[in-house]
Amino acid sequence: MATKKTDKTSFQADVLQSSKPVVVDFWAEWCGPCKMIAPSLEEISEENDAVAIVKVNIDENPDLAAQFGVRSIPTLMLFKDGQQASVQVGAAPKSKLVAWINSNLAA
């Protein structure tokens with residue numbers, strides 16, 4: 001499953017009401033580190049059916065970024081059962097992103 005864009009109108013359905021865990025990538029077009037991790041997130045979304053990955057462009061959705069206290073990007077948040085379970089701030093190699101996701105899925 002490929003990554004999916006979401007915004008304030010679909011965030012509730014895409015993330016908070018999702019039947020499986022969701023990683024939310026808060027990013028922006030001008031963010032170099034965001035662009036660095038984007039291919040890794042796309043690969044993870046294709047390889048791991050246990051989690052959905054959605055992207056929130058903070059320039060288009062500043063209210064969502066403020067609601068979740070995003071202060072720097074990229075910020076990844078993992079939601080389970082509609083609740084924020086974990087946060088990863090900053091770019092990381094794919095292996096670290098996979099380990100972070102897997103450790104939170106197991107918890």
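Colleague: Before we get going, what makes two strands count as a pair here?
Modeller: Two strands pair when DSSP finds at least two bridges between them. Keep in mind that this is a predicted model.

Colleague: Thanks! Which residue is the bridge partner of Lys-4 in β3?
Modeller: That would be Val-54. Two bridges join β1 to β3, and these strands run parallel.

Colleague: And in what order do the five strands of the sheet come?
Modeller: The order is β1-β3-β2-β4-β5, in an open sheet with mixed pairing. β1 (4-5) and β5 (83-89) stand at the edges with a single partner strand each, so one side of each has no neighbour in the sheet.

Colleague: Which strands does α2 touch?
Modeller: Helix α2 packs on the sheet against β2 (22-27), β3 and β4 (75-80), and its direction makes about 155 degrees with that of β3. Helix α4 (residues 94-106) packs on the sheet too, touching β2, β4 and β5, at about 25 degrees to the direction of β4.

Colleague: Switching to Lys-55, is that one buried or exposed?
Modeller: Lys-55 sits in strand β3 (residues 52-57). Its relative accessible area is 12%, so it counts as buried, because the cut-off is under 20%.

Colleague: Nice. Which side chain does Lys-55 make a polar contact with?
Modeller: The side chain of Asp-25, at 2.7 Å. Beyond its sequence neighbours within four places, Lys-55 also has contacts that include Thr-3, Trp-27, Ala-38 and Leu-41.

Colleague: Last one: where does Pro-39 lie?
Modeller: Pro-39 is in helix α2 (residues 32-47) and is partly exposed, at 45% relative accessibility. Its C-alpha atom is 10.0 Å from that of Thr-3, 36 residues apart along the chain.

Technical notes. Residues are numbered from 1 along each chain as its sequence is written. This is a predicted model: local features need pLDDT of at least 70, side-chain atom pairs count only at pLDDT 80 or more; totals for chains, interfaces and linings use all residues. Side-chain values use heavy atoms; hydrogens and water are left out. Helices (H or I, at least four residues) and strands (E, at least two) are DSSP runs, numbered from the N terminus. Buried means under 20% relative accessible area, exposed over 50%, partly exposed in between (1.4 Å probe, protein chains only). A polar contact is a pair of N or O atoms within 3.5 Å; within protein, one must be able to donate a hydrogen and the other to accept it, and residues adjacent in sequence count only if both atoms are side-chain atoms. Contact means heavy atoms within 4.5 Å. Axes are lines fitted to C-alpha atoms, for helices over the stretch in contact, and angles run from 0 to 180 degrees between N-to-C directions.
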